Amino acid sequence: MNYPLISVIVPTYEREQALRDTLFDLVQQDYPNFEVLVVDQTKTHQLETQAYLEELEKAAQIRLFRVDWASLPGARNYGVRRSKGEIILFIDDDVQLPSGFLAAHVRNYLERPDVGSVAGRVLDRMKLAESEEGLTIDYLPPEAMEPGIGLYYLNLVHTVKPQQVITARGCNMSFCREIFDKYGLWFDERFRGSAVREESDFCLRIRQTGYKIWYDPEAYLVHLGEETGGCHDISTRSLEYQITFYHNHFLMGFKNLTPKQMLKFSSSLFQDQVLASLASRKSKSLPKVIGRMGSYSLGFISAIGSIAQSGWNDGQVYTRLEAENG
């Protein structure tokens, strides 16, 4: 049987026990042909984590790269440029993996030549706790394939049937190497902070290649959703983080949506995140809503600025920095 090489890229930032557990699951995978690239953006690890990373590196179970900046899309691109695999798989640094995880991703590429990306199922601990017990979805509604509003109908937690989807979730997604090498698609490093929607932006651009994004519920993992760490150096409680959150949404929209789609997307974003009409966990108090309206407006203006700068900022900030430093 053909076992294509799969490169598993793990960007990490200030994670300790969760990172160790993720890598433990990963190096135990039963797939016979894979490499693990850890792109570490942490300034100083706990001694136990540092020792474990060095142990795995010495045993050639991982390839460890340290960088002195914090950017999730930047780390993804950095890892891809150093990878050797025919398939590139991204996972977060706070996940639990079943034994057949890698094989489940690879199978889709071998069986379906029209597939350029596999979106794996994400058993998100927080979302499972908030949902109706035993909830399952066979097939997503047609609205889930609409670029403007699809993100609000896409449920990769409870869906149990394989099917085409419009985007993957960044903690569990893979791509054939052609996406990068032949079509020149890269993650946009202008997505800042938690880099929310950077994977959606990338997946929406895959449409131009003719490849499909295929959801496979058997390629599942458990996402722990750790409250600390992640690939950004902005406090989630800061105004900068809130503005960046909306900036990233609008940047994705401006890049990929028609005016009509953008209007629907902006309206859904306002209702969901600002008015909290859909996001039940957000406070609906008037001061909080007014504060979110301010962040929403500033994020919109910031995204316009990013688009206006596209002539000289192509979204490859850290890639250019790496080239300048040799």
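This note sets out numbered points on the predicted model shown above.

1. Basis of the model. The structure is a predicted model in which local features need pLDDT of at least 70 and side-chain atom pairs count only at pLDDT 80 or more, while totals for chains, interfaces and linings use all residues. Residues are numbered from 1 along each chain as its sequence is written, and side-chain values use heavy atoms, with hydrogens and water left out.

2. Overall fold. The protein chain contains 11 helices and 9 strands; these are DSSP runs numbered from the N terminus, helices being H or I of at least four residues and strands E of at least two. Its radius of gyration is 19 Å, close to the 20 Å that the globule rule gives for 326 residues, so the chain is as compact as a globular protein of that length. The radius is taken over C-alpha atoms, and the rule is 2.2 Å times the number of residues to the power 0.38. Along the principal axes, the C-alpha atoms fill a box of roughly 55 × 45 × 40 Å.

3. Of the 326 residues, 54% are buried (buried means under 20% relative accessible area, exposed over 50%, partly exposed in between, with a 1.4 Å probe and protein chains only). Among contacts with a separation of 6 or more, 77% join residues 24 or more positions apart, a contact being heavy atoms within 4.5 Å. The chain exposes about 15,200 Å², of which carbon and sulfur atoms supply 52%; the areas come from the Shrake-Rupley method with a 1.4 Å probe, and for residues only the protein chains shown count as cover.

4. Charge. The mean positions of the 35 positive and 42 negative charges are 5 Å apart. Lys and Arg count as positive and Asp and Glu as negative, without His and the chain ends; the charges are placed at NZ of Lys, CZ of Arg, CG of Asp or CD of Glu.

5. His249 is found in α8 and is buried, with a relative accessible area of 2%. Not counting residues up to four places away in sequence, His249 touches Val196, Arg197, Phe265 and Leu269.

6. Ala104. This residue is in helix α4 (residues 101-111) and is buried at a relative accessible area of 4%. Beyond residues up to four places away in sequence, Ala104 touches Asp216, Glu218 and Ala219. Its C-alpha atom is separated by 9.5 Å from that of Tyr31, 73 residues apart along the chain.

7. Glu14 has a positive phi of about 55° although it is not a glycine; it is in the loop between β1 (6-12) and α1 (17-27) and is partly exposed at 43% relative accessibility. Ala195, also not a glycine, has a phi near 60°. Ala195 is in the loop between α6 (178-181) and α7 (198-205) and counts as buried at 2% relative accessibility.

8. Pro162. Pro162 is in the loop between α5 (125-130) and β7 (163-165) and is partly exposed at 39% relative accessibility. Leaving aside neighbours within four places in sequence, Pro162 is in contact with Tyr139, Trp214, Tyr215 and Pro217. The C-alpha atoms of Pro162 and Gly120, 42 residues apart along the chain, are separated by 9.7 Å.
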